[in-house]
Amino acid sequence: MTNHWVDLKNADCVLVIGGNPAENHPASMRWVNEARQARGAKLLVVDPRFTRTAAVADLYCPLRPGTDIVFLGAMISYALENGLYHHDYVLNYTNASFLVHPDYKGPAELDGYFSGYDPSKRTYDRSTWAYQLDADGQPKVDPTLQSPQCVFQILKRHYARYTPEMVEKVCGTPRDQFLAIAEEFCRTGRPGKAGTILYAMGQTQHTVGSQNVRAMAILQLLLGNIGLPGGGVNALRGESNVQGSTDMGLLFHVLPGYLPSPTPSAHATFEAYVETQVKAAGKGYWKNTPKFLVSLLKAWWGDAATPENDFCYDYLPKRSADYSWISLFHAIADGTIKGLWIMGQNPAVSGPNARFERKALARLDWMVVQELFETETAAFWQAPGVDPASVQTEVFLLPAADALEKAGSIVTSGRLIQWRPQVAARPGEAQEDIWILDRIYRELKKRYEAEGGALPEPILQLAWNYGDPPSATAVAKEINGYWTRDVNDEAARAARGDLLSTFAQLRDDGSTCSGCWIYAGYYYPRDDGTGMILPSCMRRGTKDPGGLGIYPYWGWVWPVNRHIIYNRCSADPSGKPWAEDKALIWWDGTKWTGYDVPDFGVTTDPAKPGGNDAFIMRPDLKGALFSALNEGPLPEHYEPLESPVRNALSNVQHNPVVKIWEADKGSPIGDNLGDAGEFPIVATTFRVTSQWQAGAMSRNLPWLAELQPEMFVEISPELAEEKRISNGDRVVVRSARGEISAVAIVTRRYRPLRLWDASAGAFRTVHHIGMPWHYGWLGVATGDVANDITPHVGDGNTMIPEYKAFLVDIRRA
């Protein structure tokens with residue numbers, strides 16, 4: 001989140017698109033409702049399904065899964081064409097005035113492609129997407145925003161094709177309903193107003209998922225809704241600590257703190273890594289990457305990490321391949337990966353084309369599952385239709401502790417870090433995760449010491465100082481960071497061993513360590529607002545200076561307890577808040593002050609050069625209306641890999657950079673893609689309140705199983721009549737990957753879509769359905785796995801699977 005949960009109360013308008021907070025994040029609705037009651041805020045919901053959030057909304061719009069860019073693009077066009085964008089914000093805080101390469105061309109000119117596409121490689125040469133530079137190497141600008149080569153005009157031309165009529169044709173959204181949403185939300189472009197966007201997996205789990213999020217960011221930048229109370233682009237994370245897991249580097253392509261993981265080709269040496277990242281950082285704060293990286297290496301290898309050996313950079317594994325989810329399972333299926341350790345995941349249920357992924361697990365030599373219950377993944381060799389004798393994988397099931405049975409910190413969607421003490425005893429032989437990992441490390445080290453190995457030093461020289469048994473507080477202090485023994489000046493030497501209070505103290509000479517630079521200071525002792533000194537993440541102070549819901553003494557928010565990032569934008573170019581009732585930070589004549597930690601140089605005078613460079617992490621210090629992703633510098637609509645219609649905006653049907661997998665193609669569980677002739681119905685997946693993710697925790701609890709006892713599929717009354725299905729019938733849902741059984745719930749939550757058929761030159765009816773993805777064959781509540789029939793395709797940037805839009809057919813069983 002750019003903002004945070006409590007900040008929702010400051011919104012004048014809340015747009016929910018690709019999320020369902022009333023059911024999946026119910027506590028958040030407290031703050032949405034407070035905004036509605038206290039401020040008269042409007043709640044707008046855009047979703048294929050009439051959810052419980054939609055049921056309490058002021059306005060609701062249906063749309064076809066996978067068409068969000070058309071809807072959002074038309075909102076962008078509506079704001080531009082009607083002059084509803086925040087002119088002063090756009091001019092001063094974004095790259096709208098920057099001039100782009102004169103050879104740049106977009107999809108309107110190239111029938112769906114951007115300039116530079118190489119069809120043989122399915123990639124782009126981005127050279128024509130670059131800015132024009134002046135003699136000093138800085139982007140040329142047109143402050144009038146009138147040059148045809150400036151970002152603002154390119155944006156207007158690109159989205160001129162995205163009209164209310166196009167929304168009706170592609171999304172199936174009635175024109176008047178779209179216009180009502182666009183008009184209401186674009187009112188927040190007026191100075192002093194703020195609108196927030198809430199989204200979840202309904203936005204990201206598409207082959208254009210990253211560009212969906214970019215489209216939301218562009219809209220919010222145009223309306224001046226980034227960096228101020230009640231605004232933002234706010235992800236609704238699906239677990240209490242999903243944010244923490246990504247922060248700490250559990251994504252395959254990043255290290256803790258979102259440092260890019262090194263590759264052999266680009267970062268073979270420490271010098272190459274630092275040079276590459278500093279150059280890419282431009283004027284942005286990432287130019288401090290050497291400090292972040294050295295401090296991380298010192299946290300991991302301690303005294304062994306010295307300037308002479310590049311702080312053990314050579315010990316750091318170099319990423320040799322794409323190990324995102326789908327690629328990972330193909331590597332397992334190919335026999336490249338021989339062993340797999342799984343903690344808190346259940347891919348036998350949660351992975352796309354899950355039958356294929358379960359089959360891949362049978363290629364492993366060994367698999368460890370660290371869990372609370374036996375999951376379908378741990379028992380994949382006993383799945384329906386599988387002969388256990390045919391599976392050679394050796395499976396180890398380690399009983400792990402639940403979150404309430406261990407101490408440690410979690411990080412919420414709003415970047416708030418809170419310490420949770422252990423409040424329940426661990427049952428039986430269950431152990432907390434760090435105890436299990438500590439025992440594995442100690443045994444590995446013992447064997448390396450006794451037997452040697454090809455490269456034992458990275459294991460033997462690890463700084464593993466967490467105690468026995470390991471202490472969560474010791475891990476927390478290492479993540480926070482502290483001064484090391486390698487200090488080389490008197491001031492630092494006096495503080496040797498003391499915890500760091502901020503990442504501004506990190507150095508690149510080895511005198512500091514930090515296991516995650518963005519968390520530096522989160523365990524540092526601070527006042528809780530009552531005079532009590534506690535580690536920052538343990539504080540529970542309830543003072544709220546300013547009344548904006550910042551609560552600066554409750555826990556600790558990364559970075560540096562800043563609750564709203566890019567908050568320089570909450571004030572106008574002179575430093576005065578856009579609105580008194582949303583005054584967050586302001587310039588008092590000598591410094592920036594206010595109720596939040598300024599995301600800006602505290603003494604940077606807004607009247608001097610650089611005083612409006614608000615986006616400090618960006619290379620050019622401006623909000624990016626135009627920014628390169630793999631498939632282009634602007635979001636463009638492409639149909640899902642499985643679609644019932646042709647692309648109405650161009651002849652490029654699918655995202656041209658996504659990887660098309662073909663393993664076992666043609667077999668019942670291969671990488672098959674369906675066509676609309678055989679599979680005419682659009683399907684999507686969703687979550688329910690009484691089941692949890694892949695189900696292991698909730699389906700084993702009788703009181704939750706009673707609420708949602710088995711797998712079901714929601715279909716419209718019109719489709720039910722067409723297929724002769726009655727409410728409660730058992731049905732078969734079939735895709736190109738196979739079929740599953742479910743109970744039919746006939747409901748008006750889904751209604752037929754009216755879509756434009758280009759081949760017929762007329763509108764036609766297309767049905768869509770939805771099903772929960774929580775079920776499997778173990779536990780109290782059981783059912784077929786929804787993801788057995790989802791496709792093995794992913795986003796063009798993150799490779800997140802396209803769970804939210806695929807084709808099926810349905811029949812009564």
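Tutor: One term comes before the count: a disulfide is a pair of cysteine sulfur atoms within 2.5 Å. Two ground rules also apply: the model is predicted, local features need pLDDT of at least 70, side-chain atom pairs count only at pLDDT 80 or more, and totals for chains, interfaces and linings use all residues. Residues are numbered from 1 along each chain as its sequence is written, and side-chain values use heavy atoms, with hydrogens and water left out.

Student: How many disulfides does this rule give?

Tutor: A disulfide is a covalent bond between the sulfur atoms of two cysteines. Cys513 is in none, and its nearest cysteine sulfur, that of Cys516, is 12 Å away. For Cys537 the nearest cysteine sulfur is also that of Cys516, at 13 Å. By the rule the count of disulfides is zero.

Student: Is Cys537 buried or exposed?

Tutor: Buried means under 20% relative accessible area, exposed over 50%, and partly exposed in between, with a 1.4 Å probe and protein chains only. The relative accessible area of Cys537 is 0%. Cys537 is therefore buried.

Student: What is the strand order in the open sheet that holds E10?

Tutor: Strands (E, at least two residues) and helices (H or I, at least four) are DSSP runs, numbered from the N terminus. Two strands pair if DSSP finds at least two bridges between them. Strand E10 (339-343) and strand E12 (394-399) are the edges, each pairing on one side only. The pairing is parallel, and the order is E10-E11-E12.

Student: Which residue of E12 is the bridge partner of Val368?

Tutor: Strand E11 covers residues 366-371. Six bridges join E11 to E12, and the two run parallel. In E12, the partner of Val368 is Phe396.

Student: Which helix lies across E10, E11 and E12?

Tutor: Axes are lines fitted to C-alpha atoms, for helices over the stretch in contact (heavy atoms within 4.5 Å). Angles run from 0 to 180 degrees between N-to-C directions. The helix in question spans residues 433-451 and runs at about 155° to E10. It is H18.

Student: In the sheet of E13, E14 and E19, which strands are the edges?

Tutor: The three strands form an open sheet with antiparallel pairing, in the order E13-E14-E19. Each edge strand pairs on one side only. The edges are E13 (408-411) and E19 (556-557).

Student: Which residue takes a positive phi in the hairpin of E13 and E14?

Tutor: Four bridges join E13 to E14 (residues 416-420). Among the bridge partners, Val411 goes with Ile417, and Ile410 goes with Gln418. Four residues lie between the strands, and the one with phi near 70° is Arg415.

Student: Where does Asn353 lie?

Tutor: Asn353 is not a glycine, yet its phi is positive, about 45°. Asn353 is buried, at 0% relative accessible area. Its place is the loop between helix H16 (347-350) and helix H17 (354-361).

Student: How accessible is Tyr258?

Tutor: Tyr258 is not a glycine either, and has a positive phi of about 65°. Tyr258 lies in the loop between strand E8 (254-255) and strand E9 (259-260). Tyr258 counts as partly exposed, at 27% relative accessibility.

Student: What is omega for the cis peptide bond of Trp558 and Pro559?

Tutor: Another cis bond runs from Asp468 to Pro469, with omega near 0°. Pro559 is found in the loop between E19 and strand E20 (585-587). For Trp558 and Pro559, omega is about -5°.

Student: What kind of aromatic pair do Trp464 and Tyr466 form?

Tutor: Rings of Phe, Tyr and Trp (its six-membered ring) pair if their centres lie within 6.5 Å; planes under 30 degrees apart count as stacked, over 60 as edge-to-face and the rest as tilted. A search of the whole structure finds 37 such pairs. The centres of Trp464 and Tyr466 are 5.2 Å apart, with 70° between the planes. The pair is edge-to-face.

Student: What kind do Tyr519 and Tyr522 form?

Tutor: Tyr519 is buried at 4%, and Tyr522 is buried at 1%. Their centres lie 5.6 Å apart, with 55° between the planes. The pair is tilted.
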